[in-house]
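The sequence and structure follow.

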Amino acid sequence: MGRVGGILGVLLLLLGGTLPAHTGAVATVQNGEESAAQIAIRAELDEQAAAWNRGDLKGYMAGYWHSGDLTFFAGNQESMGWEAALQRYRAAYSGKGKGMGQLRFSNIRIEMLSPEAAFVRGGWQLSMKDKSQRRGLFTVVLRKFSEGWRIVHDHSS
């Protein structure tokens, strides 16, 4: 319970209290059909992958909350803010001798925490020009803003 309680506590802090007080906040796929919000979130992730695959790092970053409060955990590093996340990606994937590769998401599971918040888990795979593969898992928390669904927390390994 301690670890699960800690994770839920972090999610509640990130969501800024947007969850309703009743216990029916988590929406699941019924009869194999996704809700309109889940479809929109999946489309946002698809657009991020498409932007990455055309080498458009700023287009990829459009899926993230453009805020100093964005949190990003990767490996054993934590960064705060949209600019820090952009610089991290630039350092790793831009410049001489570096490439972005082709990104593919897999096994995406979207859980609606409220009408304005979602918890998404899945896998990622980068196929690089030299035929090498990079793989990992991710967990992201998204919030619905006036401009659409944006990632407010990303934990990728």
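## Sheet architecture

Six strands make up an open sheet with mixed pairing, in the order 2-1-6-5-4-3. Strands (E, at least two residues) and helices (H or I, at least four residues) are DSSP runs, numbered from the N terminus; two strands count as paired if DSSP finds at least two bridges between them. Strand 2 (77–80) and strand 3 are the edge strands, each pairing on one side only. From one strand to the next, the twist averages 25°.

The model is predicted: local features require pLDDT of at least 70 and side-chain atom pairs count only at pLDDT 80 or more, whereas totals for chains, interfaces and linings use all residues. Residues are numbered from 1 along each chain as its sequence is written, and side-chain values use heavy atoms, with hydrogens and water left out.

## Strand pairing

Strands of a sheet pair through backbone hydrogen bonds, either parallel or antiparallel. Strand 1 and strand 2 run antiparallel and are joined by four bridges, with T71 opposite M80 in strand 2. These two strands form a hairpin with two residues between them, and G75 in the turn has a positive phi of about 60°.

Strand 1 is also joined to strand 6 by four bridges, here in parallel; A74 stands opposite S156 in strand 6. Strand 4 and strand 5 run antiparallel, with 11 bridges between them, and R121 faces T139 in strand 5 as its opposite residue.

## Helices on the sheet

Helix 2 lies across strand 3, strand 4, strand 5 and strand 6, and runs at about 155° to strand 3. Helix 4 lies across strand 1, strand 2, strand 4, strand 5 and strand 6, at about 35° to strand 1. Axes are lines fitted to C-alpha atoms, for helices over the stretch in contact (heavy atoms within 4.5 Å). Angles run from 0 to 180 degrees between N-to-C directions.

## Nonpolar cores

A nonpolar core is a set of buried Ala, Val, Leu, Ile, Met, Phe, Trp, Tyr and Cys residues joined through side-chain atoms within 4.5 Å, where buried means under 20% relative accessible area (1.4 Å probe, protein chains only). The largest such core has 33 residues, and I41, W52, Y60, Y64, Y89 and V120 have the most contacts inside it. Elements that each supply at least two of its residues include helix 2 (36–53), helix 4 (82–93) and strand 4 (117–127).

Leaving aside residues up to four places away in sequence, I41 touches I110, M112, A118, V120, L142 and W149. Another core, of six residues, lies apart from the largest one; F119, V141, F145 and V152 are among its members.

Methods. Buried < 20%, exposed > 50% of the residue type's maximum accessible area, 1.4 Å probe, protein only.
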